[in-house]
Amino acid sequence: MKKRRTARVFTRRDFIKGAAMGTLGMALYGKGRPMFAGEAAGAVPFAADDPQSVVVLLRNEKAVGPGDKVDAAVVQEMIDTALTEFSGEADTAKAWAKYVHADDTVGVKFSRCDWMKVHTDQAVIDAVVKRVGEAGVAKERIFAQDGGLPFAKCTALINVPPVKVHTLTGIAVSMKNYINFSPAPSKYHAPSTNLGEIFLLPEVKGKTRLIIVDLLRPYFGPGPQVNPLHRWNYHGVMVGTDPVAVESVCLNICQAKRNLFKGEPWPITPPPDFIAAADKTYKLGTSDPARIKLIRLGWDKDILV
Amino acid sequence: MAQSQVTDKAKILAAFPLRGALPPEISGWKSGREDQVFTRDDIFDFMDGGGEIYLAYDFQFVFVREYVQPDAPSIVAEIYQMTSSQDAFGVFTHDTDGDEVELGQGAIYAAGLLRFWKDRIFGRIMADRETPEARAAIMGLGEKIVAAIPQDGEKPELIKALPAEGLRPKSLSYFHTLISLNAHFYLANVNILRLSPETEVVLARYEKEGSTARLLLIEYPSVERTVDAEGRFMEMFLLERFEAGRRVPPKKLEDGNFAGLLRSGRYLIVVIEAGKKSVLEWIIKTTFHNLEGLKQ
């Protein structure tokens with residue numbers, strides 16, 4: 001396929017943002033799509049030959065059926081396949097064993113947002129918990145929770161967020177999923193630039209073994225409460241270990257969906273500054289699409305990325 | 001929860017007239033759990049950080065009732081009591097995607113979600129999943145609420161100054177602060193325009209001569225604050241030296257679009273992302289003219 005690149009100008013709004021953040025290079029915000037470091041050289045986003053981070057996206061048309069009913073068996077198979085691909089191991093058991101050990105205390109951090117109703121689907125949570133158990137972790141040492149998860153006593157965390165565009169942070173995936181690990185979560189709302197520092201809290205740092213993203217039914221609208229028109233069945237799951245790369249890919253998917261919905265650029269707002277800050281300031285991973293390799297598996301209709 | 005807060009909520013529930021307008025049952029859906037009220041003090045318990053958007057308006061409290069029925073989606077009715085009709089209208093303009101329906105002073109329905117406003121009330125009724133029966137029940141609840149609100153309220157005076165020609169349908173939003181502006185349209189992560197709870201802001205999109213533009217019309221509480229915002233926008237966004245009274249012509253920016261502004265007393269007319277200079281000038285001129293009419 002021929003490599004294609006879209007011209008992108010540095011706007012006045014980028015300039016103001018860059019000045020406020022102390023570096024112009026941190027500007028991720030663009031008119032409908034993010035900019036990235038390799039763009040000028042003609043790099044194709046998320047196709048790094050020598051990637052800093054790998055992300056696996058797997059979609060299955062049968063994951064969500066009529067009435068938005070999620071097929072739990074299909075979801076389990078999707079997660080297993082995606083993780084096996086990501087790990088490079090031969091089978092599911094070996095793949096999970098690479099990230100979770102029998103002597104771990106595991107926190108499965110999902111999101112259950114009663115007011116917005118864009119939760120991590122129960123099928124995704126159940127699939128993860130089942131495999132963690134099969135990896136040898138005793139039931140009483142698996143904590144699958146949103147609020148109140150005892151992360152301090154966990155030796156391993158599995159970050160299992162849904163995907164939603166968010167009124168205050170721009171987007172909410174793996175980074176915002178940890179917001180309630182902070183004693184002062186509201187300080188990461190508008191602006192959310194420092195969201196990445198939560199990953200460096202002593203009781204959180206280095207514990208995230210896997211990120212398994214529920215991309216079955218993401219949300220791309222402005223919020224703060226859900227408008228059903230802004231939710232779509234994407235039929236996907238994503239696996240990675242780099243929260244910044246995961247966030248960057250999901251941002252691109254949601255931005256593309258917004259543009260399609262309006263038939264013109266509909267930039268995510270406020271711009272999710274925290275993604276670039278998580279890369280440049282907190283060194284949690286890469287936000288540069290030229291340094292990310294996205295492995296796409298399964299159904300590719302309307303994949304958007 | 002503090003005892004005083006419980007008492008206050010009990011008083012709100014007892015005194016809220018629209019509570020009585022909601023039936024205990026509609027088309028087989030019955031009131032599921034106890035009615036709830038959330039005030040400015042605990043709105044975050046209801047909608048987490050999303051409460052910031054309501055707190056940016058003169059929100060007083062939200063009354064919440066859930067309706068349930070076996071083997072049917074649940075329906076939640078939320079009635080937001082605002083201090084002014086202008087802010088009820090403002091909250092309504094936060095998200096306008098959906099189909100307009102005839103209800104109250106404005107209503108939009110989209111796939112199981114009804115949003116409407118009348119006087120000082122903003123309402124939001126939503127089913128977990130849309131079905132024909134759920135839609136009928138939602139509309140029925142909306143009609144009962146609206147019928148119990150005795151009068152219409154005024155829209156913000158400021159919107160009368162908007163040029164009518166070229167105004168993109170459903171593009172108008174009304175708010176006060178930076179957090180609302182950023183939710184609609186990102187200008188900058190610093191408060192260049194000095195927005196505050198005391199400012200009134202209308203944001204609208206225009207289509208004219210085959211191009212588009214955005215208008216931000218802002219009313220400040222004093223001329224001094226308007227001049228301050230004018231100077232900041234000129235220096236930080238247009239990168240032009242500011243002197244009180246100095247007019248700066250529309251400026252072509254890096255993306256090829258034009259931006260410009262004009263102050264009129266306590267009002268600031270800002271046009272951004274204008275594809276054509278002539279459209280920008282027309283919007284500013286027409287808005288200025290309309291404002292003169294408003295002042296009289």
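This is a short tour of a predicted model, stop by stop, for a reader with the structure open in a viewer.

Residues are numbered from 1 along each chain as its sequence is written, while chains are lettered from A and ligands numbered from 1 in the order in which they are written. Because the model is predicted, local features need pLDDT of at least 70 and side-chain atom pairs count only at pLDDT 80 or more, whereas totals for chains, interfaces and linings use all residues.

Start by selecting chain A, whose secondary structure comes to 6 helices and 9 strands (helices, H or I of at least four residues, and strands, E of at least two, are DSSP runs numbered from the N terminus). Of its 305 residues, 53% are buried, a residue being buried if 20 or more other C-beta atoms, placed from the backbone, lie within 10 Å of its own, exposed if 12 or fewer, and partly exposed in between.

Next, select strand β2 of chain A, residues 106–110, and pick out Val108(A) within it. Val108(A) is buried, because 25 other C-beta atoms lie within 10 Å. Leaving aside residues up to four places away in sequence, Val108(A) touches a set that includes Ile125(A), Val128(A), Val129(A), Phe143(A) and Val160(A), where contact asks that two C-beta atoms, placed from the backbone, lie within 7 Å. Val129(A) stands 21 residues from Val108(A) in sequence, yet the two are 7.3 Å apart in space, C-alpha to C-alpha.

Now show helix α2 (residues 72–87) and helix α4 (residues 122–134) of chain A together, which pack at an angle of about 50° with their axes 9 Å apart; axes are lines fitted to C-alpha atoms, for helices over the stretch in contact, and angles run from 0 to 180 degrees between N-to-C directions. That angle makes α2(A) oblique to α4(A), since angles under 35 degrees count as roughly parallel, over 145 as roughly antiparallel, 65 to 115 as roughly perpendicular and the rest as oblique. To see the meeting place, select Ala72(A), Val75(A), Gln76(A) and Ile79(A) in α2(A), which face Ala123(A), Val124(A), Asp126(A), Ala127(A) and Val128(A) in α4(A) as contacts. By class, this contact has 7 nonpolar, 1 polar and 1 charged residues, with Ala, Val, Leu, Ile, Met, Phe, Trp, Tyr, Cys and Pro counted as nonpolar, Asp, Glu, Lys and Arg as charged, and the others, Gly among them, as polar.

Move on to helix α6 of chain A, residues 273–280, which is largely enclosed by the rest of the structure because 7 of its 8 residues are buried. Phe274(A), Ile275(A) and Ala276(A) are among the buried ones.

Then bring chain B into view, where 31 of its residues are in contact with 35 residues of chain A. On the chain A side, the largest share, 5 residues, comes from helix α1 (residues 12–21).

Finish in chain B, which an automatic or database domain assignment divides into domain 1 (3–147) and domain 2 (157–295). Their C-alpha centres lie 33 Å apart, and the contact between them takes 9 residues from domain 1 and 10 residues from domain 2.
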